[in-house]
Amino acid sequence: MGFRFNSMVLSFVLVTLLYPYDQAAAATYNVVNFGAKADGKTDSGKAFLSAWAEACAASSPATVYAPPGRYLLGNAITFSDCKNHAVTFRIDATVVAPADYGVIGNAAHWIEFKDVTGVSVLGGVLDGQGTGLWACKNSGKNCPSGATTLGVTGSNNILISGLTSLNSQMFHIVINSCGNVKLQGVRVSASGDSPNTDGIHVQLSSDVTIVDTKIMTGDDCISIGPGAANLRMENIACGPGHGISIGSLGKDLKEEGVQNVTVSTATFTGTQNGVRIKSWARASNGFARDILFQHIVMVNVQNPIFIDQNYCPNNNHCPVQVSGVKVSDVTYQDIHGTSATEVAVNFDCSSKNPCSRIKLQDVKLSYKNKVAEASCANADGTTVGSIQPASCF
């Protein structure tokens, strides 16, 4: 009896050892098997969609897999209609956009995950090939607005891990109308003069976490739009770029506010701004409140701490009104480093809705080895600990 039992156990172990890959392959859909070509020239969009459809039809966790190589997605592509709430998109490859920016330049997104739940995107490089469009824009010609490289829209329980976004035409990653999204180990890279290439933009979304992320781009490293709540950003490296910005807010009269945002452990290097809140000078019911910026290092940053309620990029068609956005309960804690301008702390707030309950705690910013300056307009707050430059409240 003991021999028979041991033989059965041995047989089971042998089967498990000999056939694990067959079992795993049953839930893995390799895009190559659906016709994708790793030559960077053949449009593999249909193959990616076919693999996605199979994974979404599976009744158990499934993986769409792109093995090493370069795959062209020659048109704007949307991954949606997925009944499976446990799909992993594993990319060991570089996925490239069309070299002709006009092909996708008028699309909202190059790649979009829409109305999905439980999707994980692991690894990979997304190359938006946006340099041609940047040149067009910088020349002042009439150009397409450009496509966001990766959009996640109307989705929940999303993980994006180890992804690299290169040279997006416009924004790199946009999280819109989502819940419970985590981005970790993400890398964003574009030149410092690339226009409108925000690294990660979050709006109308809640419970979003961004950790261990490095962003080099020509616009905001991270931008937070109306309707964003419960955001946490930690261990962020930003530069070149325009910093981490809440806003712009107040573009519309009726607008959802931003609340409960934390930026912790971040380094800004050579950026236009550090931590910024920006709103247009026009009527709005928007707000920004319960904001914490802590444990931050500034290295030669033009505007390390900035609330700008007269935001108007390039001073073009400025509304020249008063911002209706209410900014309150903002804390700056343990912020050190160097400013590239004399005014390191600038609170330029609304005369109609002055900034209130602003708190500075243990701030030390210098300019050319001297103490920097602070400037306040319509701002009220308190200080705790050592504050340099001296508070202007």
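**View 1. The open parallel sheet of the predicted model.** In this predicted model, 11 strands form an open sheet with parallel pairing, in the order β5-β8-β11-β14-β17-β19-β21-β23-β25-β27-β30; strands are DSSP runs of E with at least two residues, helices are runs of H or I with at least four, and both are numbered from the N terminus. Two strands count as paired if DSSP finds at least two bridges between them. The edge strands, each pairing on one side only, are β5 (77-79) and β30 (373-377). Direction ignored, neighbouring strands of this sheet are turned by 15 degrees against each other on average, with axes fitted to C-alpha atoms, for helices over the stretch in contact, and angles running from 0 to 180 degrees between N-to-C directions. Residues are numbered from 1 along each chain as its sequence is written. Local features need pLDDT of at least 70 and side-chain atom pairs count only at pLDDT 80 or more, while totals for chains, interfaces and linings use all residues, and side-chain values use heavy atoms, without hydrogens and water.

View 2. Strand β27 (residues 343-348) pairs with β30 in the parallel sense over five bridges, and Val343 stands opposite Glu373 in β30.

View 3. Seven of the seven residues of β23 (residues 273-279) are buried, that is, under 20% relative accessible area with a 1.4 Å probe and protein chains only. Four bridges join β23 to strand β21 (residues 244-249), which runs parallel to it, and Ile246 stands opposite Ile277 in β23. With strand β25 (residues 303-308), β23 pairs in the parallel sense over five bridges, and Val275 has Ile305 in β25 as its bridge partner.

**View 4. The largest cavity.** The structure holds two cavities of 30 Å³ or more, a cavity being a set of points on a 1 Å grid over the protein atoms alone where a 1.4 Å probe fits but cannot get out, with lining residues having an atom within 4 Å of a point. About 90 Å³ of space lies in the largest cavity, and its lining includes Phe48, Phe79, Ile111 and Leu163. Strands β6 (87-91) and β8 (109-114) are the elements that give two or more residues to this lining.

**View 5. The second largest cavity.** About 30 Å³ of space lies in the second largest cavity, which is lined by Phe113, Val116, Val119, Val121, Leu150, Val152, Ile158 and Ile160. The elements that contribute two or more of these residues are β9 (119-122), β11 (148-153) and β12 (156-161).

Note on methods:
1 Å grid on protein atoms, 1.4 Å probe; cavity = no way out; pocket = protein on both sides within 12 Å on 5 of 7 lines; lining within 4 Å. Points joined across faces, edges and corners; volume = space filled by probe spheres on them. Buried < 20%, exposed > 50% of the residue type's maximum accessible area, 1.4 Å probe, protein only.
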